[in-house]
Amino acid sequence: MIELINVSKKYVDAEKPAVNELNLSINDKEIFGLLGPNGAGKTTTISMLCGLVQPTSGSISLNGLNFKDNLTELKQLIGVVPQDIALYPTLTGKENLEFYGAMYGVPKVILANRITSWLKKFEMEKSANKRVSSYSGGMKRRINLIAGILHQPEILFLDEPTVGVDVQSRSDIMHHLKALNTDGMTIIYSSHHMEEAEHFCSDVAIINTGEIIARGNPVELIQNQSDCRNLEEVFLKLTKPNFHSK
Amino acid sequence: MRKLSAAMRKEFLLLIRDKIGLAILFVMPMVLIFVMTLIQDTAFRTLNEEGIPLLVVNEDQDSLGFRIENGLKTSDLVAYHNEINGKKATRDELYEAVKKGKFLIGIVIPKGTTKTIQEEVKRLVDESLGEDVSNVQVTSTEIEMVIDPIASKSFVTSVTSQLREFISTVKTRIMFETFNAQIAEFIPDDLEVKQSEYSNKQAVTYKEVYASEISGELKPNAVQHNIPAWTIFAMFFIVLPLVSSIMKEKEEGSVFRFHTIPASYFLQINAKLIVFIVICLIQFCLMLLIGLVFLPMLGLPVLQLGNSYIGILIMALGCAMAATGFGVLVGSLAATLQQGAVLGSLLILVFSAIGGIWVPAYVMPSIMRTISELSPLKWAMDGFYGLFLRGEGFVDILPHFFKLALFFAVCLAIAVRVQSKKRIG
């Protein structure tokens with residue numbers, strides 16, 4: 001379980017806190033969507049959950065462990081797929097995966113098997129030995145995702161995992177993420193893509209100006225807003241005061 | 001250990017696939033050493049072989065003027081000329097020619113110089129024999145040395161002092177002969193006295209010996225000076241590929257992923273340091289190879305390595321550590337690749353300038369000599385010069401190594417501190 005209690009983050013020189021008194025608990029094996037407009041505090045929240053940024057106040061725990069006392073254990077527990085492609089362009093896809101897998105301490109033979117298996121699942125065996133710089137956007141996204149799951153984390157953080165990819169690649173990625181969740185992985189997902197979130201997430205929170213303004217199952221959230229037909233309309237209604245549904 | 005070896009493998013692969021980085025690391029320093037050593041060696045060798053172009057205007061047309069001319073004609077130091085466009089040069093033409101750089105030095109021997117010397121000697125002889133010389137007026141004359149203003153001061157000082165010494169010897173000889181002639185006038189004709197001759201063999205001569213413990217004959221030369229200086233300079237330029245490597249990881253997002261990985265930033269930095277220190281040492285060996293094998297093929301002297309191979313290895317390691325540590329520090333301080341590259345190159349240029357790579361520290365003003373002691377390139381140079389030129393051993397260079405090692409440790413400590421502050425946000 002992931003728990004945030006009264007978590008605030010105010011950056012130096014910032015007028016307002018990026019995240020303000022946030023309280024949130026996320027159950028195991030959920031696909032939790034953190035949705036919000038630009039500057040709402042999504043990235044700061046995820047960065048705090050990954051241990052990249054320290055909260056100004058409040059406490060965060062993952063499976064009962066906090067970053068202050070259990071940094072290494074928690075880093076082994078989580079996987080992160082950043083929005084920007086965090087790969088070495090001059091290394092091949094396989095070399096990137098070998099490096100990141102080794103950094104997580106995955107044993108050599110197991111790592112080799114996992115890399116082969118994931119490359120096969122994403123139909124990337126043929127291009128595995130080509131440099132990342134020669135890959136299409138979709139191929140980079142897939143390798144970026146595999147690099148975050150090679151060590152089989154219990155909790156996976158996804159920041160816009162399908163941005164800039166074609167429909168087929170997106171479908172492929174989402175399919176495999178669903179499969180990982182079915183196998184027991186908790187997924188924390190952040191996106192602007194409301195339609196994707198509506199179908200992918202079992203639980204969502206809409207965050208605006210550092211505060212959670214709505215929380216629940218996507219279907220329930222839509223039902224609660226009588227004039228909204230989908231999650232996008234719910235999102236717009238809650239984050240844009242002068243919104244009128246069509 | 002596996003994490004470290006994986007990080008080192010990654011660094012190695014990134015490095016060998018970076019063509020520009022490789023060029024900066026290996027090709028550029030080799031070209032630099034070739035060019036700088038050849039230029040310096042051939043420049044002085046050309047002057048030595050062909051002589052410094054010198055124009056003489058002999059207005060004296062007497063023994064002093066002729067003897068100076070004859071002496072300069074046979075001198076190895078200068079290439080003697082007394083004509084411009086096939087005609088004897090005049091004083092004004094000499095000034096003009098030197099001003100335009102056609103000759104590096106011009107010498108004007110004014111009319112009556114010999115006569116002035118002879119009159120002076122005659123007056124001295126008369127005075128010593130008790131004659132009244134108060135009414136005798138001896139005018140003084142100046143031999144003019146006209147110098148091309150672009151010639152460097154140290155070069156001019158060296159050449160003119162040799163010319164002055166030569167002219168002074170000729171002058172002394174004339175004085176001696178005049179004195180002999182004057183004395184002869186007072187000796188009765190029937191008394192046979194053998195006139196002494198001014199001997200070419202001098203009673204006191206000079207011998208230049210280099211205070212070095214290197215066995216055999218050590219001749220400091222362009223190779224011996226340039227290889228250590230430019231090798232150190234090149235090794236410090238590893239800062240650029242290193243900064244580029246650090247900044248690319250920041251800009252391409254890998255650093256973001258590192259911070260979520262259960263491996264410390266220190267491990268990533270250690271991997272970089274090990275790979276780049278090894279690269280620095282390979283670079284160093286290549287530079288020595290140039291001095292030992294390739295430059296001699298072009299007719300330059302072979303680099304002499306001195307007496308301590310362990311000392312060379314220790315100094316090379318110290319220099320590599322200081323250079324990579326400095327690279328990590330610049331990489332941590334810079335916000336962008338461009339900023340890091342500019343900051344890194346500028347600081348190396350400053351360190352090398354104050355460290356005596358361009359101009360030897362011993363010719364600097366006192367304040368600059370004090371400041372130069374702060375440059376890690378100076379510590380490295382002192383160490384290598386000690387080994388290559390003074391014949392020092394392993395123990396002698398340890399203070400220089402420890403300074404470089406301390407610099408490395410301080411750079412790393414600051415880099416880790418800066419990095420952790422940036423991360424905490």
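Modeller: Let's start in chain B, where the axes of helix 11 and helix 14 (residues 376-388) come within 10 Å and cross at roughly 170°. Here helices are DSSP runs of H or I with at least four residues, and strands are runs of E with at least two, numbered from the N terminus. The axes are lines fitted to C-alpha atoms over the stretch in contact, with angles from 0 to 180 degrees between N-to-C directions. Angles under 35 degrees count as roughly parallel, over 145 as roughly antiparallel, 65 to 115 as roughly perpendicular and the rest as oblique, so helix 11 of chain B and helix 14 of chain B are roughly antiparallel to each other.

Before going on, a word on the source: this is a predicted model, where local features need pLDDT of at least 70, side-chain atom pairs count only at pLDDT 80 or more, and totals for chains, interfaces and linings use all residues. Residues are numbered from 1 along each chain as its sequence is written, while chains are lettered from A and ligands numbered from 1 in the order in which they are written.

Now, who does the touching? Helix 11 of chain B brings G311(B), I312(B), M315(B), G318(B), C319(B) and A322(B), and helix 14 of chain B answers with P376(B), A380(B), G383(B), F384(B) and L387(B). Contact means that C-beta atoms, placed from the backbone, lie within 7 Å. Sort the residues of this contact and you get eight nonpolar, three polar and no charged. For that sorting, Ala, Val, Leu, Ile, Met, Phe, Trp, Tyr, Cys and Pro are nonpolar, Asp, Glu, Lys and Arg charged, and the others, Gly among them, polar.

Take I188(A): leaving out residues up to four places away in sequence, I188(A) touches I26(A), F32(A), L34(A), I46(A), L49(A), I155(A), F157(A) and L158(A).

Finally, the two chains meet: 20 residues of chain B are in contact with 24 residues of chain A. Helix 1 of chain B gives the most to its side, with six residues.
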